[in-house]
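Q: Can we go through this structure together? I'd like to start with the loops and then look at the helices.

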Amino acid sequence: MFGGGGMNPRKMKQMMKQMGIDVTELDATEVVIRTEGEEDLVFDAPQVTRMDAQGQQTYQIVGEPTRQEATAVAGDVDAEATETDEAETGGGGADDGGIPDSDVEIVAARAGVSKSDARAALEAEDGDLAAAINRLE
């Protein structure tokens, strides 16, 4: 992280805390970096660290990436197929309040809150994703 040059990790952590830097290890199973016009980078079982400093969050990913086509990544959803499914079923996976589950998941992930908190914020903001994320941050 920093050029500690043999500094003991405990001392490094203490110094960072004094400077207002908070470091958290995240228990990630997979990280996907999507790039426009190139293959995606997929990190399986990476070591992910989040550093919070002066209101900014920085993520560090350590691991060996594999390159995959965007359509080959597990969990990808074809937007056109989703729109067709929604038109046929009359909804977007909403289980209550008319808020689609996908919107709840997006807000929860972006704001770093539980799905119930994300759903409550979306309901309070009439389904507006950006406003719900702002409310939670």
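Predicted model: local features only at pLDDT ≥ 70, side-chain atom pairs only at ≥ 80, totals over all residues.

Q: What is the phi of A45 near?
A: Phi of A45 is near 50°, which is positive, and A45 is not a glycine.

Q: Is A45 buried or exposed?
A: A45 is exposed, because its relative accessibility is 63% and the cut-off for exposed is over 50%.

Q: And D126, where does that lie?
A: D126 is in the loop between α4 and α5. D126 has a positive phi of about 55° and is not a glycine. D126 is exposed, with a relative accessible area of 73%.

Q: New topic. Which residues make up the largest nonpolar core?
A: There are nine: I99, V104, V107, A108, A118, A121, L122, A132 and I133. The elements giving two or more residues to this core are α3, α4 (115-124) and α5.

Q: What does A118 touch?
A: Leaving out residues up to four places away in sequence, A118 touches V104, V107, A108, V113 and L136.

Q: At what angle do α3 and α5 pack?
A: Helix α3 (residues 101-111) and helix α5 (residues 129-136) pack at about 35°, and their axes are 9 Å apart. Their crossing is right-handed.

Q: Which residues meet there?
A: From α3, D103, I106, V107, R110 and A111 meet L129, A132, I133 and L136 of α5. Seven of the residues in this contact are nonpolar, two are charged and none is polar.

Q: Last one: what caps the N-terminal end of α1?
A: N8 does, with a side-chain oxygen 2.6 Å from the backbone nitrogen of R10.

Methods:
Residues numbered from 1 in each chain as written. Heavy atoms only, no water. Axes fitted to C-alpha atoms, helices over the stretch in contact; angles between N-to-C directions. Helix = DSSP H or I, 4+ residues; strand = E, 2+ residues; numbered from the N terminus. Left-handed = near helix turned anticlockwise from the far one by under 90°. Contact = heavy atoms within 4.5 Å. Nonpolar A, V, L, I, M, F, W, Y, C, P; charged D, E, K, R; others polar. Polar contact = N/O pair within 3.5 Å; in protein donor to acceptor, adjacent residues only side chain to side chain. Core = buried A, V, L, I, M, F, W, Y, C linked by side-chain atoms within 4.5 Å. Buried < 20%, exposed > 50% of the residue type's maximum accessible area, 1.4 Å probe, protein only.
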